[in-house]
Amino acid sequence: MTKRVKVLSLLCAAALAAGALAGCSSGGSTAGGSSSKGTEISFMTWESEAMNEKILASFQAFEGSHEGVTVKLTPSPLNDYGTKIKSMISSRTAPDVFMVGNDWVIQYGSSGNLYDWTAKAEADGIESLYYPGVVDNWKVDGKLYGFPGLLNTYGVFYSKKALDDAGLEYPKDGWSLEQCLEYAEKLTKDEGGNHTYGLYANSKFDPFFVSIYAASAGDTPYASPIKDVQGVTASPAFKKAVGMIGEAIQKKYVTDNEWNVTNASTMFMEGQCPMFTAGQWFADEFIRNAPADFEWGFVSWPIAEGGSSAAIYDCTGWASSKDISNPDLIYDMIKFIHTDMYSEVLPQTPVAPPAAVDYGKAYYDKLTESGHQDLVDGMTYMLESPTKLPVRFLDPFASDAGAFQTDAWGPIINGAGSEADLDKMVENTNNAITRYWSSH
């Protein structure tokens with residue numbers, strides 16, 4: 001039995017066993033197509049208007065199999081989503097299902113504000129759907145407070161014409177930071193008073209991304225494991241990468257840490273950025289909006305020369321507040337999101353691979369049909385990497401510890417700070433982490 005058939009079978013079994021369910025908003029509901037009157041499930045995302053329309057359309061199938069149930073989608077811009085959902089959770093006005101970052105699940109789960117799905121997840125073996133180890137990062141003290149939905153990878157988009165003109169071969173997955181910076185130097189131009197950087201860093205070279213170099217070189221990464229981090233380290237390999245990047249920024253081969261990324265994707269499509277570090281979700285925009293004659297490629301994030309594979313772990317997903325009145329119905333909906341909804345929506349808006357392994361085929365097929373097998377290969381290379389590193393602090397100390405990075409990192413990576421400044425940043429960050437763990 002395939003995982004997909006197994007999940008659908010389990011959904012049906014759960015529905016038959018559940019009987020009449022209490023309503024989320026009003027009336028009563030029963031999963032699996034039985035009678036339900038006036039039940040509305042509230043649902044919130046930070047996705048684009050175009051993607052939200054497709055998500056809502058996909059829920060017609062869910063509503064059809066759950067008589068009397070309607071799904072109400074509330075969009076919220078990403079730039080203030082975190083503040084909004086925090087306020088709604090605190091005031092107990094949160095939607096029945098809402099989109100979350102991995103860090104929010106850990107923080108709000110730790111404070112007891114999210115619904116605990118552990119028993120339901122263990123009963124039907126839903127963890128087997130996902131890439132190995134992914135679900136573990138959504139647990140707090142062994143309890144599952146949310147479900148991974150989409151995985152983000154980060155790499156380098158490049159203009160094929162720019163590389164062709166410079167006589168450079170297209171990079172291959174597993175390429176090194178040394179090679180990436182060499183390409184940046186060769187692609188940099190000063191013409192008529194206009195400076196073109198060889199590499200535009202939309203995804204910044206922050207400590208977590210620099211950590212990829214250290215881990216791939218076999219040295220200690222900046223922060224590890226992905227959650228429950230006890231401290232950070234600036235290892236020799238980490239410092240080497242900081243030095244190389246800082247030198248490239250000083251020589252204006254690479255944009256600095258303060259570079260304005262607002263129009264980065266447009267600049268890339270207009271041929272103004274030879275190479276462009278970014279998350280894979282930009283592919284959706286490039287496929288839809290890039291000029292027909294603009295040819296681009298994608299390669300995984302660079303590692304250490306001669307090093308082993310290492311990659312960032314970044315995952316968004318779904319959660320519910322502890323106050324939901326109909327967990328059986330809500331659980332059915334969350335499972336629908338990870339299976340049928342993603343299978344239908346992602347080929348139309350190919351923003352990210354799903355965390356549920358068997359439901360990514362339509363997404364990958366869309367990218368291949370669009371002429372971007374290189375993107376599929378790059379993402380697969382990173383998703384299958386045995387060494388995964390956090391994209392940011394996921395633990396509740398994130399705000400306090402992260403403040404020291406915000407203050408110190410810019411000058412350090414831009415080449416203006418000293419090694420002593422880096423060591424001091426690490427010391428201050430570790431002190432903040434120690435204070436948190438000693439009080440919890």
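What you see is a predicted model, where local features need pLDDT of at least 70, side-chain atom pairs count only at pLDDT 80 or more, and totals for chains, interfaces and linings use all residues. Residues are numbered from 1 along each chain as its sequence is written, and side-chain values use heavy atoms, with hydrogens and water left out.

**The sheet**

Let's start with four strands that form an open sheet, in the order 12-13-9-14, with mixed pairing. Strands here are DSSP runs of E with at least two residues, helices are runs of H or I with at least four, and both are numbered from the N terminus. Two strands pair if DSSP finds at least two bridges between them.

Now zoom in on strand 9 (residues 154-159) and strand 13 (residues 275-279): they run antiparallel and are joined by five bridges. Val156 stands opposite Thr277 in strand 13.

Helix 11 (residues 282-289) lies across strand 9, strand 13 and strand 14, at about 120 degrees to strand 13. Contact means heavy atoms within 4.5 Å. Axes are lines fitted to C-alpha atoms, for helices over the stretch in contact, and angles run from 0 to 180 degrees between N-to-C directions.

**The pockets**

A pocket is an open set of points on a 1 Å grid over the protein atoms alone, where a 1.4 Å probe fits, with protein on both sides within 12 Å along at least five of seven lines; lining residues have an atom within 4 Å of a point. A volume is the space filled by probe spheres set on the points, which are joined across faces, edges and corners.

| Largest | about 920 Å³ | helix 11, four residues |

Of the 30 residues lining the largest pocket, the closest to its centre are Trp46, Glu47, Leu78, Asn152 and Trp281. This lining divides into 15 nonpolar, eight polar and seven charged residues. Ala, Val, Leu, Ile, Met, Phe, Trp, Tyr, Cys and Pro count as nonpolar, Asp, Glu, Lys and Arg as charged, and the others, Gly among them, as polar.

For the second largest pocket, 20 residues make the lining, and Ser159, Ala162, Lys189, Gly271 and Gln272 are the closest to its centre. By class, that lining has five nonpolar, six polar and nine charged residues.
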